[in-house]
Amino acid sequence: INGPKSVKSIKKTLNTPSVKEQNLAEQKARENTIDAFSKVENKVEKLNNELQNIKADLLSKKEMTWNDKSRLQNFLKDQKSLEKSLKKVQEEMAKKLQLSEKSEEILEKQKLLEKMMSELMSDEMKKLYDEMSKLLDEMNKNDLLEKIDDTQMSQDNLLKELDRSLEHFKRLEVENKAEKIAEKLVELSKDQRSLEEKTKNK
C-alpha cells in the first residue's frame, strides 16, 4: 500500500519546478518579450523609412511607374509580416504573464496591458492597407500619396503605442517582483516567529 503512494509523491516532487527554476523561466520569458518588442519596433522604423523614400520618389515625378507599384506591393507584404511579429510579441508576453501567481491589482494591470497589445494593429489600420492595395491597381499617384500620408501617421502612432505598451510591461514586471519580495518577507517573518516560539517552549 505504501509503495505506490511513495512513487506518486516522488513523481510529484520531480515534476514541480524549484523556485530557482521558476525564476530562471520567468527571466527567460521576460528577455524574450523585450527582444520581441525591440524587433517589432525595428521593423516599424524600417517600414517608415521605406515609405518615406517611396513618397519622395513619387513626388519627384509626374506619374508613378511599375517600379513604384512594385515597391509599394513589397511594403504591404512587409506589413503583413509585421502583423505576424506583433502576434509573436503578444504570445511571448502572454507566456511571461502566466508564469506566476499575482494579486488582484496586478491582474487588473495585466488585463489592461493585454488590451493595449490587442489594439496595436487596429481594424482602421488594416483597412488603410487594404485601400492602398486597391489604389495600386489604379496607379493613381495623387490618391496614393494621400493614402501614404495616412499610413505614415498610422505607423507613427503604432510606434508610440509600442513604446507605451513596453513601458507598461516593464512597470508591471517591477511591481510583480516587489510583490513577490513582500510575500517572501512575510513568509520569513512567520518562520522567524515560529522558530522563536519553539525556542521559548524548550
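**Notes on charged side chains**

1. Asp-35 and Lys-39 sit four residues apart in helix α2, so about one helical turn separates them. Helices here are DSSP runs (H or I, at least four residues), numbered from the N terminus. The two side chains form a salt bridge, with their closest N and O atoms 3.4 Å apart; the term means a side-chain nitrogen of Lys or Arg within 4 Å of a carboxyl oxygen of Asp or Glu. By this rule the count comes to eight salt bridges.

2. A word on the source: this is a predicted model, where local features need pLDDT of at least 70 and side-chain atom pairs count only at pLDDT 80 or more, while totals for chains, interfaces and linings use all residues. Residues are numbered from 1 along each chain as its sequence is written, and side-chain values use heavy atoms, leaving out hydrogens and water.

3. Arg-71 pairs with Asp-57 in a salt bridge, at 2.4 Å between the closest N and O atoms. Because Arg-71 lies in helix α3 and Asp-57 in helix α2, the pair ties together parts 14 residues apart in sequence. Glu-50 joins Asp-57 and Arg-71 in a network of salt bridges.

4. Is Asp-68 buried or exposed? Asp-68 is buried, at 1% relative accessible area, whereas its salt-bridge partner Lys-61 is partly exposed at 26%. Buried means under 20% relative accessible area, exposed over 50%, and partly exposed in between (1.4 Å probe, protein chains only). Their N to O distance is 3.2 Å.

Technical notes: Helices (H or I, at least four residues) and strands (E, at least two) are DSSP runs, numbered from the N terminus.
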